[in-house]
Amino acid sequence: MKYLTFAAGLFSATAALADTPELTVYTYDSFISDWGPGPVVEAAFEEVCGCDLKFVGAGDGAALLARIRLEGARSAADVVLGLDTNLVQAARDTGLFAPHVVTAAYDLPVDWADAEFVPYDWGYFAFVHDRGLEAPSDFRALADSDLKIVIQDPRSSTPGLGLLMWVKAAYGDQAPKIWEGLSDNIVTVTKGWSEAYGLFLEGEADMVLSYTTSPAYHLIAEEDDSKTAARFDEGHYMQVEVAAKLAASDQPELADKFLQFMVSDAVQSVLPTTNWMYPAVTPAAGLPQGFETLIAPGKALLLPPGEAAELRDPALAEWLTALSR
Amino acid sequence: MADRAQPIGAGPGIGAAAIVAALILGSLAAVALRAQPGTGLGPADWQAVRFTLMQAALSAAISVALAVPVARALARRRFAGRSALITLLGAPFILPVIVAVLGLLTVFGRAGWVSQALGAAGLEPLRIYGLHGVVLAHVFFNLPLATRLILQGWQEIPAERFRLAAHLGADAGAIWRLLEAPMLARSVPAALAVVFAICLTSFAVALTLGGGPRATTVELAIYQAFRFDFDLGRAALLACIQIALTVLAAGLALRAAPGGGFGAGLDRPLRRWDAQSGLLRAQDGAAITLAALFLLLPLAAIAVNGLAGVTSLPASVFRAAGTSIVIAAASTATLLVLAVPMAASIAMARRTGWIELAGLLGLAVSPLVIGTGLFIVVYPFADPFALALPVTALVNAISALPFALRILVPRARAVLGDFGRLGLSLNMGGLPFVRLVLLPRMRPQIGFAAGLGAALSMGDLGVIALFADPEVATLPLQIYRLMGAYRMEAAAGAALLLLALSMLAFWIFDRGGRWHAEV
């Protein structure tokens with residue numbers, strides 16, 4: 001009898017849900033954690049869309065793309081949120097993504113025009129260190145110094161890949177020389193960002209590869225102004241995080257609506273203090289207090305997706321050779 | 001010669017082994033079949049294979065070499081806190097990798113306790129990063145396991161043999177020659193094989209402590225092939241290399257381990273009359289103290305790091321802890337259902353057979369490959385999210401299976417050897433023999449295996465990351481999420497909670513199984 005009641009309850013619950021369309025968004029894990037933008041975005045979008053927004057976490061950006069490729073056109077996902085510029089070309093080549101209809105006045109340091117991928121936030125890679133440290137002002141000075149750094153492996157981590165592109169974009173053919181110079185500064189290479197940042201906070205290294213916005217987290221969430229980022233004269237490589245609609249989505253209009261919502265004020269105003277990145281469109285109220293203390297890179301570096309994809313394998317080979325000695 | 005008559009059949013064990021083998025090889029095949037033509041193996045991959053083999057062999061040899069004196073000391077001595085120490089020794093093995101690495105570095109890192117002490121004495125700080133760092137971390141993880149496996153060998157020598165040895169006036173040297181060395185000849189190869197297999201699939205530990213891409217393992221190459229290149233064929237190929245290496249090592253080790261036991265005992269409490277000299281006491285004391293310091297200091301570091309965060313843990317951490325407990329319980333039950341019949345079947349076989357190898361496969365295959373394979377298999381039929389918890393419990397059980405078998409098989413062999421004929425002559429076979437003889441006599445080993453299985457499942461990130469939706473997170477996954485969101489303090493607190501829960505699970509099962517109150 002109990003089972004019957006349970007089954008009946010389940011049935012009516014399913015029936016009630018069937019009236020509301022469901023939009024499934026695949027994203028990386030930290031987006032949907034309790035402290036990430038996920039819960040805020042979900043509540044705000046559900047208020048206006050008359051739908052049920054379902055986030056699904058799939059590791060980080062690279063794992064996210066692997067997941068979509070694994071599921072192919074049958075994927076339950078309507079939108080993928082959280083690929084970065086280094087993954088865009090591979091994502092485009094799958095043919096699984098559809099053009100978007102989003103219009104927005106982007107405040108990116110570079111021109112952005114992409115038919116499929118909508119940027120929602122961005123950041124600069126940078127070496128984060130304690131405020132007291134005499135930080136170098138470029139990679140050459142870093143290589144000549146005795147400073148110890150911890151970086152992420154480009155084969156398993158998106159920031160690691162970002163650093164690879166940073167050195168390549170800044171130095172081109174000279175990149176292997178730079179890596180050789182850096183090899184005695186690198187304490188170790190970690191699997192992902194969390195391990196590296198954890199090691200840095202433990203005091204294992206003087207600097208860690210992270211973002212220029214990392215000190216904002218310590219300042220705003222922990223009221224700790226002891227961290228800052230080193231400003232490099234070569235410029236700083238950017239990470240632009242993008243979202244896109246899947247061609248096979250069964251909710252294409254809702255997906256378009258969601259992508260447009262991602263660049264609206266409601267989302268853009270919460271991203272700086274939940275995702276700790278710069279918003280793609282500066283919100284009406286401006287950036288949160290504390291962001292004005294962050295370093296401002298003189299030059300923004302970013303390789304176009306096609307070029308980044310082509311350069312990846314040779315750059316990786318150079319990196320492996322220089323650091324395996 | 002036909003195999004000896006046995007009171008129970010090998011059928012259930014063969015069935016369980018077939019299920020395990022089908023599941024693991026099936027998911028590997030699913031990955032391989034889904035692959036598009038990709039790149040084959042390059043020189044970098046062979047470099048990774050060489051490094052993987054070298055670090056695994058070194059780690060196994062050193063872990064086991066250090067485990068022998070520690071186990072011998074623990075077997076010979078009784079002291080206050082011995083039981084608690086043995087339980088605590090299980091801890092490093094079950095911690096999530098990232099937590100254990102941070103704990104190790106708090107002690108041995110450039111800015112760690114040891115380096116600070118050296119600095120205060122005017123000396124250079126430790127240089128932990130390099131091959132020696134990888135081996136140090138693997139010894140930290142595996143010395144306790146090797147110690148427990150070898151200590152169990154001592155426990156399988158019936159108390160009567162030591163009594164007889166004492167009657168005959170055998171000293172420590174004679175006991176070593178007559179009892180301990182033959183026992184070690186059987187238990188050491190098995191311990192070597194297990195530790196070697198664990199280190200073979202190491203990735204984050206090897207990379208972080210290895211200090212850079214020199215320390216690239218096969219597992220890292222699999223990860224890269226899967227995530228960055230989406231080259232499933234390469235991932236499957238590399239996974240096959242891992243399996244081949246494990247099977248080869250296990251085959252060698254298990255073949256080297258001769259059969260033959262010490263005969264039945266009467267389960268008297270163990271007393272030792274040998275090794276009472278001051279020198280031997282000092283030697284055992286030093287072995288136990290050094291091992292305890294080496295293993296407990298990093299655990300203390302984890303506790304110290306976590307104390308600040310543990311009081312203000314977010315509710316999601318406790319939800320995740322609940323999920324982890326449910327998975328651990330399900331996974332432990334699955335483990336026992338598979339392991340006990342398999343152990344009995346292996347014990348009845350005369351040679352190392354495919355059942356034994358099937359049991360080792362769980363260690364040999366990268367969780368990423370098993371998870372991906374299961375995902376490919378499940379996806380066309382069912383919602384992977386709905387299956388997240390059962391699949392995680394099942395995969396955790398399979399990855400704990402090799403340890404469970406190493407614990408259960410020697411005992412099952414002894415019980416069947418010592419009491420099988422008695423059972424047959426009483427015409428007691430099948431279920432009554434299992435219920436009245438086999439299970440009661442294997443209780444301590446079953447308890448130990450279940451405790452290890454539960455704790456491993458609790459601490460394993462496993463395949464949940466591939467299947468989980470935001471509502472279902474296990475505690476290890478939640479720790480990674482906290483760290484990913486800069487919440488390092490909360491993550492350290494959650495890690496302390498995880499450590500406590502794993503130890504509790506281990507203690508409950510292990511305690512429930514002990515039959516010598518003193519062991």
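This report walks through a predicted model with chains A and B.

## Ground rules

Residues are numbered from 1 along each chain as its sequence is written, and chains are lettered from A, with ligands numbered from 1, in the order in which they are written. In this predicted model, local features need pLDDT of at least 70 and side-chain atom pairs count only at pLDDT 80 or more, while totals for chains, interfaces and linings use all residues.

## Chain A overall

Chain A holds 13 helices and twelve strands. Both are DSSP runs numbered from the N terminus: helices are H or I with at least four residues, strands are E with at least two. The C-alpha trace spans about 75 × 45 × 40 Å along its principal axes.

Of the 325 residues of chain A, 52% are buried. A residue is buried if 20 or more other C-beta atoms lie within 10 Å of its own, exposed if 12 or fewer, and partly exposed in between; C-beta atoms are placed from the backbone. Now take contacts in chain A between residues at least 6 apart in sequence: 78% join residues at least 24 apart. Two residues are in contact if their C-beta atoms, placed from the backbone, lie within 7 Å.

## Two domains in chain A

Domain 1 of chain A covers 2–122 + 239–292, and domain 2 covers 123–238 + 297–323. These bounds come from an automatic or database domain assignment. The C-alpha centres of the two domains lie 28 Å apart.

Where they meet, 21 residues of domain 1 of chain A contact 19 residues of domain 2 of chain A. On the domain 1 side, helix H3 (61–71), helix H4 (85–93) and strand E10 (236–246) of chain A each supply at least two residues. H4(A) gives the most, with five residues. By class, this side has twelve nonpolar, seven polar and two charged residues. Ala, Val, Leu, Ile, Met, Phe, Trp, Tyr, Cys and Pro count as nonpolar; Asp, Glu, Lys and Arg count as charged; the others, Gly among them, are polar.

## Where chain B meets chain A

The contact takes 41 residues from chain B and 38 residues from chain A. Several helices of chain B each supply at least two residues to its side, among them H5 (97–108) and H16 (367–378). The largest share, five residues, comes from H11(B). The chain B side divides into 27 nonpolar, eight polar and six charged residues.

## Helices of chain B

H11(B) is mostly covered: ten of its ten residues are buried. H11(B) packs against H16(B) at an angle of about 35 degrees, with axes 10 Å apart. Axes are lines fitted to C-alpha atoms, for helices over the stretch in contact, and angles run from 0 to 180 degrees between N-to-C directions. Ile222(B), Tyr223(B) and Phe226(B) in H11(B) meet Leu368(B), Val369(B) and Thr372(B) in H16(B). This contact has five nonpolar, one polar and no charged residues.

Val391(B) sits in helix H17 (residues 388–425) of chain B. Val391(B) is buried, because 21 other C-beta atoms lie within 10 Å. The C-alpha atoms of Val391(B) and Ser331(B) are separated by 9.6 Å, although the two are 60 residues apart along the chain.
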